[in-house]
Amino acid sequence: MAKLSGGEALAKSLVREGVEVIFGLPGVQMYGLITGIRDEPGLRMITARHEYSTTHMADGYARATGKPSVAMVVPGVGLYNAGSGIATAYARSSPVLLLAGEVPRGQIGKGLDGLHEIVDQSDLMKPITKYRKSIMRPQEAPSAVNEAFKHMRSGRPRPTFIDMPPEGMVEREEVELLESQPGERATADDSLIEQAARDILKANSAVIFAGGGVARSDAFDELVQLAELTGLPVVNSAGGKGVIPHSHPNSIGSWVGAEGPIKSMIDNAEVILAVGTRFTPRNPVAGGSKVIQIDPDEQILGRAHPNKVKLQGDAKATLNKLNAALDDLGCDPEAMAARHAFDKAALQTYRENDRREDAAYPWLVAIQDAYPDDATGIWGMTQLGYYSRQHFEVDRPWSYIDSGYMGTLGYAYPTALGAKVGVPDRPVICVVGDGGFMYASGEISTAVKYGINVVAVVFNDGAYGNVARDLDQDFGGSYEADFVNPDFVAMAKAYGAEGFLATNPGELTTAIRAALEVDAPSIVEVQLGRLPRPKAWSARAPWTTPQEGLLP
């Protein structure tokens, strides 16, 4: 044991969990923790320009590396500002620990209007965190950090939260530091795994639907082994891009859209093996299929489908057992491949013909042509970002990041900065609209200060373009969806970054390649008009068009 302040105890506990960087914003209630970080050789802090960015940066770091990450903010308004990133991390099952201050210990819960005070602020985090702990004194810090990381490494790895009053961060007492705990990899019941294996072996048509849970479990090799053992085609969700290389013979691309051969394959499958995916209202499953679902979260299993086999467990551990069960039952890879044969070339031709009808496609090709094999891409809530979910191709895990069901406008640029901190030797490219980029454009300053050389491709149409188009087409005219933008190239250079301009797809490819070569953060401004609605969005939700009859 050693006599430590609360800030020192937190900092040393984080180091024991393998943390190397904290994304934060210094503030008056955090001084004890800030000095603890400052004096801890194994830690460094990256200071953002806004609390909004701290948790998005931490989320980007976690999703680019697969490791838990940490953000830090003042209580109250700082916590509210950071909520966007925690909500996004929750939507994408990303392991982010948020550390926050509190009002002084004697004022907690009394509503005395202290600086940054929110009564019961820990409850504010309840809907978007997996674990929460309020600690009052230094000796409580190690167990809270230890438990938070155990939760992030076990089951579904969602965000966690710890807060502490300011005097607890500076008071000193004897503290026992703890060793890091490994995560728990639970597996489904052996009898259910054998049942699932038998269902797969006897099915005349089956498909694997792989989601982001494969990446979070590091189950890439096991998924590929399953595909090659059974001959089944593998469809990935947007969050599952890269969990099997797009170039793999069994990979047939992303399932996003209301029609097409991939949708038909899903709808007509006798068996769907769903690995690490929730399913969503936008990706429903036909009722006639049997769904074998692997997920560590009991609340997710069977939520979206009545006919299911629930395999509650970690994807890697459960796929290992499933592959062994298939082998024990005499699975013949050649016979299975013949039974489930599909024409990947024909599927690719359909995709090529289908997407050539969309005005977004040439821009996506321009990015794909400039994209290094080892790059990590962050795709914002802009039309190219939406379009990429179906059509962008990646061969490497941890290389495609989107906002998930939270649909967080503005998340992309700070998330890209955090990703680059996590993978400094890899190119990181952020694709974002002008509306979303301006949410956190001040973080160019952070990128320059710390040498975080992200390439941000900013599509500039002078509006919230998708909103303006939808209002025009469905509601009789756009309203207040336009704005005045800066010269993004000049803005970049004013901060000390590099700026490039592109007005057509060929120029965009050239500009991205040039930006990747410079030793500085870069902005590539793409000037374009409004893009029409992509074909995949032709099926509109009822509430997106004005009509009568929605009420029961």
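The legends below describe close-up views of a predicted model.

In this predicted model, local features need pLDDT of at least 70 and side-chain atom pairs count only at pLDDT 80 or more, while totals for chains, interfaces and linings use all residues. Residues are numbered from 1 along each chain as its sequence is written, and side-chain values use heavy atoms, with hydrogens and water left out.

**View 1. Strands 2 and 3 pair in the parallel sense.** Helices (H or I, at least four residues) and strands (E, at least two) are DSSP runs, numbered from the N terminus; two strands pair if DSSP finds at least two bridges between them. Phenylalanine 23 has isoleucine 46 of strand 3 as its bridge partner. Between strand 2 and strand 3 the chain passes through helix 2 (residues 31–38), in a right-handed β-α-β crossover. Right-handed here means that, with the strands pointing away from the viewer, the path from the first strand over the helix to the second runs clockwise.

**View 2. Buried residues of helix 2 and their packing partners.** Gly32, Leu33, Ile34, Gly36 and Ile37 are buried in helix 2 (under 20% relative accessible area, 1.4 Å probe, protein chains only). The buried residues of this helix pack against helix 1 (6–16), helix 7 (166–170) and strands 2, 3, 4 (69–73) and 5 (96–101), where contact means heavy atoms within 4.5 Å.

**View 3. The second largest pocket.** Its volume is about 660 Å³. A pocket is an open set of points on a 1 Å grid over the protein atoms alone, with protein on both sides within 12 Å along at least five of seven lines; lining residues have an atom within 4 Å of a point. Grid points are joined across faces, edges and corners, and a volume is the space filled by probe spheres set on the points. There are 37 lining residues, and Pro157, Ala215, Arg216, Ser217 and Trp398 are the closest to the pocket centre. Helix 9 (213–216) gives the largest share of the lining, three residues.

**View 4. The second largest cavity.** This cavity, a set of grid points where a 1.4 Å probe fits but cannot get out, holds about 60 Å³ of space. Among its 13 lining residues, Asn236, Lys241, His246, Ser254 and Phe392 lie nearest the centre. Strand 11 (residues 251–254) contributes the most to this lining, with three residues.

Technical notes: Buried means under 20% relative accessible area, exposed over 50%, partly exposed in between (1.4 Å probe, protein chains only).
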